[in-house]
Amino acid sequence: MLKLKNILQHNLIFYWILLAVLMATPGAHAGRVKSIFGSSSKPSTTAKPIPNVALHQATEVPSTTEPPVTMPPKSRDIKVGPCVWAIDRTCPDKDITFYLYTRRNPADRQYIHVDKTLESSNISQSFYDSRHPSKVLIHGYNADMFLHPLYMMKNEYLAKGDYNIFYVDWSKLAIGPCYVSAVHNIRHSGACVAQLVQRIMDMGSKDIHVIGFSLGGHLTNYIASNLDSFLLPRITALDPAMPLFVSSSKENKLDPSDAEYVDVIHTNAMIQGKLERCGHADFYINGGIVQPGCATDNPLNPFSCSHHRAIDYYLESIRTTKGFWGWSCSSYLSYLLGMCPQTNYLLEAGENAKKTTKGMFFVTTNEKSPFAQGKWTDLPTLGYKNPNKTMTSMLMKPSPPPSITIMQPQHRGDPLMRHIDQWGKLDYNFNNFNEYNPADGEVHHDPYDDNWTYFSDDPVEIANDVNANSVEEQDLGDYTFPGNFKHDHHGEGEIGGIEWEEYKMNATRGYIENSLFGVPILGNS
């Protein structure tokens, strides 16, 4: 009996071990478990067999009538919470979508499928019309295509004329608070938008204008880099983002080489937007840092208000009758030092900016909509254009300066000297000692005023005024000077025959200096 008891105990242990091994191996040994312990007399109502997906895929035979289904490659995206870093994705991408508005569908958006070829895309079956210009609008970080002022642009454009308005929605790759991953994803998103541009070109149109806000402004750089032999006609960046782009190379951020013409509007520089110039024409609205009225409209976050004002200004510029007009300045440092006073030399910013407008410009606006102030006519014209003469010929045979028909300013002379010496104590004629000469009864101007515009009440000079109207167009060829700058020990200098005092006029005559904080110099941009 003792020996039989030991045999039964060993067999029982053996069966329990065998059961554990069989239950741990799904599917393959299920039949053996049933054969050993038998099947249940009642079918289970809760347990469901787990399909072996790998086995099913391996043994499935494709049908002879339908092509075999190719499984997409496994995603290599990096995900941390809601943040996604797109790795090795290809276009088209389900997370980057395109929608079209025209005058045939001004309210109902039309989904545009963009693929590698025109035949596999649906743009040819849409309301797209190659006879009309195309606008491609791109939102920024933590937003989508329905960002209010950006979305309202379609209404302004379609009220103005016939346009193909394309919206790019890449919001799933630009979700907040994932700014770092959104910056990474603009490379892939730009490649997919470049496919849209190529399909538009396949339809026979090259009139394409890309408008990007904030991070979408830098996304346009990757659109340009993915177009093989085509240079975009125009890119407009609305307060392009600054974080993570301060030290980036030009291959990774917007720069003038990305299109035939790149114009930039700055409204929140050094905070959310860039201070650095990144286009052919950079317009700094109200100084480009903080916008008037934002402290009242959005006291909790005035910087966000200033950042989004870039879209508000551009939206209004589409159909404004006044326009956003700015005056030129050679560098931001000159502006900070007060060396760029407002003049009648005005050029327009926004939708109607001309491609010949190049340089750095400053624009003022109203605090509330309508923001545009239009042009002013009561400020001095510090230089004029004669269509029959070039600037070089005028310097060779100088003509009398145009007269000014405004009230004499309280302080005249070099703005920099006025800023340094408000009371004129550094001047030899302090207390007007040499201002009035009783011998000839004439008033002698201070030396700082010799080459700066001043009021003239001479009727002969007013009658001989050549052109006192504002200048609406800039011709860089008229402002190119020959020769090199020479300076002697007595403070006098010449630039190709031009007196040193003429050189000081650069700050207000709009000569171009590419460096943000450079000293104004003569020459091409």
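This report walks through the sheet, the cores and the salt bridges of one predicted model.

## Basis

The model is predicted: local features need pLDDT of at least 70, side-chain atom pairs count only at pLDDT 80 or more, and totals for chains, interfaces and linings use all residues. Residues are numbered from 1 along each chain as its sequence is written, and side-chain values use heavy atoms, leaving out hydrogens and water.

## The sheet

Eleven strands make up an open sheet. Their order is β4-β3-β6-β5-β7-β8-β9-β10-β13-β11-β12, and the pairing is mixed. The edges are β4 (110–112) and β12 (346–349), each of which pairs on one side only. From one strand to the next, the twist averages 25°. Strands (E, at least two residues) and helices (H or I, at least four residues) are DSSP runs, numbered from the N terminus. Two strands pair if DSSP finds at least two bridges between them.

Y99 stands opposite Y111 in β4.

## A helix across the strands

Helix α6 (residues 215–225) lies across β5 (134–138), β7 (208–213) and β8 (232–238). The helix runs at about 140° to β7. Such angles run from 0 to 180 degrees between N-to-C directions, with axes fitted to C-alpha atoms, for helices over the stretch in contact.

## Two nonpolar cores

A nonpolar core is a set of buried Ala, Val, Leu, Ile, Met, Phe, Trp, Tyr and Cys residues joined through side-chain atoms within 4.5 Å. Buried means under 20% relative accessible area, exposed over 50%, and partly exposed in between (1.4 Å probe, protein chains only). The largest core has 44 residues. V136, F166, W170, L215, I223 and L232 touch the most other members. At least two residues each come from β3, β5, β6 (164–169), α5 (179–202), β7, α6, β8 and β9 (259–266). Helix α5 gives the largest share, ten residues.

W170 has contacts (heavy atoms within 4.5 Å) beyond its neighbours within four places in sequence. Among them are D95, I138, A182, I186, L215 and L219. A second, separate core holds 36 residues, including Y101, L137, M153 and Y167.

## Salt bridges

Side chains of opposite charge can pair when their charged atoms come close. Here a salt bridge is a side-chain nitrogen of Lys or Arg within 4 Å of a carboxyl oxygen of Asp or Glu. By this rule the count is 17. In one of these, R234 pairs with D263, with the closest N and O atoms 3.0 Å apart. R234 lies in β8 and D263 in β9, so the pair ties together parts 29 residues apart in sequence. R234 is buried, at 9% relative accessible area. D263 is buried too, at 1%.

R277 and D282 also form a salt bridge, at 3.5 Å from N to O. R277 is buried at 14% relative accessible area, and D282 is buried at 0%. Another salt bridge joins D297 and R309, at 3.0 Å from N to O. D297 lies in helix α7 (residues 294–297) and R309 in helix α8 (residues 302–317), so this pair ties together parts twelve residues apart in sequence. D297 is partly exposed, at 41%, whereas R309 is buried, at 2%. Elsewhere, salt bridges that share partners join D77, R89, D93, K94 and D95 into one network.
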